Amino acid sequence: MIQLIALSTSLSLLMIYLGAKNTMIGAVNLGNNLQLQKAVTGSILVATVTALPELSSSLITALRGAPTVALGNILGTNIYNLPLLVGLVGLFGDVEAVNGVTRQCVYLIGVNVLLSALALAFGSIQPWMSAVFIALYFGFLADSLRKSERDSETKAVERIPTNIFPLVAGALVLVLGSYLLVDGALWLMNYYRLGGFMVGLLMSFGPIIPELAVSLLSSASGEHEVSFGNVLGDNIITATMVLGVVALTAPVAVSVTELTLTVPFTIIFTVMVYIISKLKIRITRRLSVLMLLLTAATFLLQYIVLS
C-alpha cells in the first residue's frame, strides 16, 4: 500500500509540475497582450491558476470531513512559499532586487493579522467569515488592476484565445494532480495517526510545487517580478478566496498553538521580502542559504510541537 501511495504522490507531483509549466507560458503571454505590469501578471493571472491546487485540495479535504487538514494546508502554503522561492532562486546566481511587490507584501500581512484576530476572538474560522475573506480577495484583484498600467487594448483581444489554451490545460492538470495528492495525505493521516493540522502542513508542500515551478521558470527567463508576484499573489488568494470557500463548508477549529506556530512565520517571511524589495537588496547565494535554513528550522519546530 505504501508503494502505491508513493507512486500516486509522484504522479500527482509530476502532473502539478507539467501544469505549472503550461500555466507560466500562457499567463505571461496573456499578460503581455493585455499589457499588464509584470508584477500584476504574476499576482493575478499566474497566481490565480497556480492557486487551484490549494483550492481543490483544501475544498476536497474539507468536504471529506477533514477541515483542520484543509486549514493546515492553507496556512502551510502561506508559510513556505516565499522563503523557499528566495532560497532556491538565489542558489543558481545572484538575482537583482525585485520591484513592484511591496503592495502585495503589505496586503498579505494585513490579511494574516485579520485572520489571527478573528480566529483568536471566536476560536474557529466560521462560515460567516467567508464573506469577509472573499471580499478581501475581490478587493485585492480590483486594487491590482487599478494600479496596473495599460498602454493599448486594441491588440490585446486578438491573441487571447490562443493564450488561454495553455492556461486552461495547465489548470486541468493541476487540479487532477491535487486529487491524487489529497488521497495520499488522508491515507498517511489515518495510517500514522497524525494530527489533522500537521498533515495539512505536510500536504501543503505538494501545492507549493506549482508556484515554485512557475516562479523558478519565470526567474530563469528573467521575469523576476512575475516570479515573486506569483508567490505573493498566490498567498493572498489562498488566505482570502481559498480560506473563504473552505469556511463555507463548516466551522474550522484552530488552536492558539496552531496559530502561533504558523501565522507569525508567514508575517516574518513576508516582511523580509518587503525589505528586500524596498531596499533593493540583491538575492545572493548567502541570503538564499539563510532562507532555506530558516524554512527548515520553522518546519522542524512545527513538527516537534504539533506531532
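**Group meeting: a helix pair and one buried alanine**

Okay, so this protein has 13 helices and 2 strands, where helices (H or I, at least four residues) and strands (E, at least two) are DSSP runs numbered from the N terminus. Bear in mind it's a predicted model, where local features need pLDDT of at least 70, side-chain atom pairs count only at pLDDT 80 or more, and totals for chains, interfaces and linings use all residues. Residues are numbered from 1 along each chain as its sequence is written, and side-chain values use heavy atoms, with hydrogens and water left out.

Of the 307 residues, 53% are buried, meaning under 20% relative accessible area with a 1.4 Å probe, protein chains only.

Now, how do α3 and α4 pack? Helix α3, residues 52–63, and helix α4, residues 67–89, sit at an angle of about 155°, with axes 7 Å apart. Axes here are lines fitted to C-alpha atoms over the stretch in contact, and angles run from 0 to 180 degrees between N-to-C directions. That makes the pair roughly antiparallel, the label for angles over 145 degrees.

On the α3 side, the contact (heavy atoms within 4.5 Å) includes Glu-54 and Ser-57; α4 brings, among others, Asn-73 and Ile-74.

Is Ala-239 buried or exposed? Buried, because its relative accessibility is 1%. Setting aside neighbours within four places in sequence, Ala-239 is in contact with Asn-78, Val-111 and Phe-133.

Technical notes
Parallel < 35°, antiparallel > 145°, perpendicular 65-115°, else oblique. Buried < 20%, exposed > 50% of the residue type's maximum accessible area, 1.4 Å probe, protein only.
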